[in-house]
Amino acid sequence: MADKAIILENLFYGVILTATSVSISIAVLKESGRLYSKAGATIMAAALVDDILGMIVLSFILAIGGASTVSPWIVLLKTLLYFVAITIISIVARRLFDYISKRWPRRRIVAIFSLALCFIISYLSEKFFGIADITGAYLVGVILSTNKSNEYINRRTCQLSCILFEPIFFGSIGLSMEFEGINGKIALFGMSFVVIGLLGKVIGCSLASKLCKNKNTESLAVGIGMIARAEGALISAQKGIDVGIIKPSIMPFIIIII
């Protein structure tokens, strides 16, 4: 049991470093006028795939770590069933929201239904499938991105997010941060964690870009562009702390990486 806990803890540190912040990448690329460059397109595609794979791995590790008596094969089966269920839900939801958008174009009811669907799928994901709620919320965003009212939904939900959800989220992260458990050993591990987190993205993504026959400068730009981490790393870390896989003392070093 102790060996399993150590393995899960180490795996979870890797999961935290997987995250790439698409929002930060988009903002920087837009401001620098490089969003539609070759490197910019590569960063955006890689960051999107990175996020999806990161959430799948996060859900899998959380399911194993949160219920130690459950077989990994059962977790894998539940994960597969979850994505089958999401596929069915996405077909129904798209048709429903196409009707709502046509019946009440650019009305608040569209944004309200979108937020309700996000909460429902997030709850069902974690309650019945053991999948992290953030994964459910992300998939709802993917489903609604094809709706013709997606810009209106995005604007309305962003307003609520900035006013209510984001302050509560970052406030809760700050309140949960602990400094008492940081000693010399943990500080050394934390700084190593930061260095590896930065170099891992730069070296790994630069080499992958180079293998795709990009120029040296483009490959380096891709590697640096993939460093950005924000809400994904914070949410992953907080999930790990909540289920007891990792210790709260790692949070200050995650903030340093961000």
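Which residues make the nonpolar surface patch?

Analyst: Happy to walk you through it; please keep in mind that this is a predicted model. The patch is made by Phe119, Leu160, Ile163, Leu164, Phe165 and Ile168, and covers about 560 Å². Helix H7, spanning residues 150-176, gives the largest share, with five residues. Phe119 has its place in helix H5, residues 108-128. With a relative accessibility of 47%, Phe119 counts as partly exposed, because that class lies between the 20% and 50% limits.

Leu139 belongs to helix H6, which runs over residues 133-144. Its relative accessible area is 16%, so Leu139 is buried, the cut-off being under 20%. Apart from neighbours within four places in sequence, Leu139 is in contact with Tyr82, Phe83 and Ile86. If you want a distance to look for on screen, the C-alpha atoms of Leu139 and Ala27 are separated by 22 Å, and these residues are 112 residues apart along the chain.

The other buried example is in a loop. Ser249 is found between helix H10 (231-242) and helix H11 (251-257). Ser249 counts as buried because its relative accessibility is 10%. Leaving out residues up to four places away in sequence, Ser249 touches Glu178, Gly181, Ile182 and Ile186.

How values were computed
Residues are numbered from 1 along each chain as its sequence is written. This is a predicted model: local features need pLDDT of at least 70, side-chain atom pairs count only at pLDDT 80 or more; totals for chains, interfaces and linings use all residues. Side-chain values use heavy atoms; hydrogens and water are left out. Patches are made of residues with over 30% relative accessible area and no salt bridge: like charges are joined within 9 Å, nonpolar side chains (Val, Leu, Ile, Met, Phe, Trp, Tyr) within 5 Å. Accessible areas come from the Shrake-Rupley method with a 1.4 Å probe; for residues, only the protein chains shown count as cover. A salt bridge is a side-chain nitrogen of Lys or Arg within 4 Å of a carboxyl oxygen of Asp or Glu. Helices (H or I, at least four residues) and strands (E, at least two) are DSSP runs, numbered from the N terminus. Buried means under 20% relative accessible area, exposed over 50%, partly exposed in between (1.4 Å probe, protein chains only). Contact means heavy atoms within 4.5 Å.
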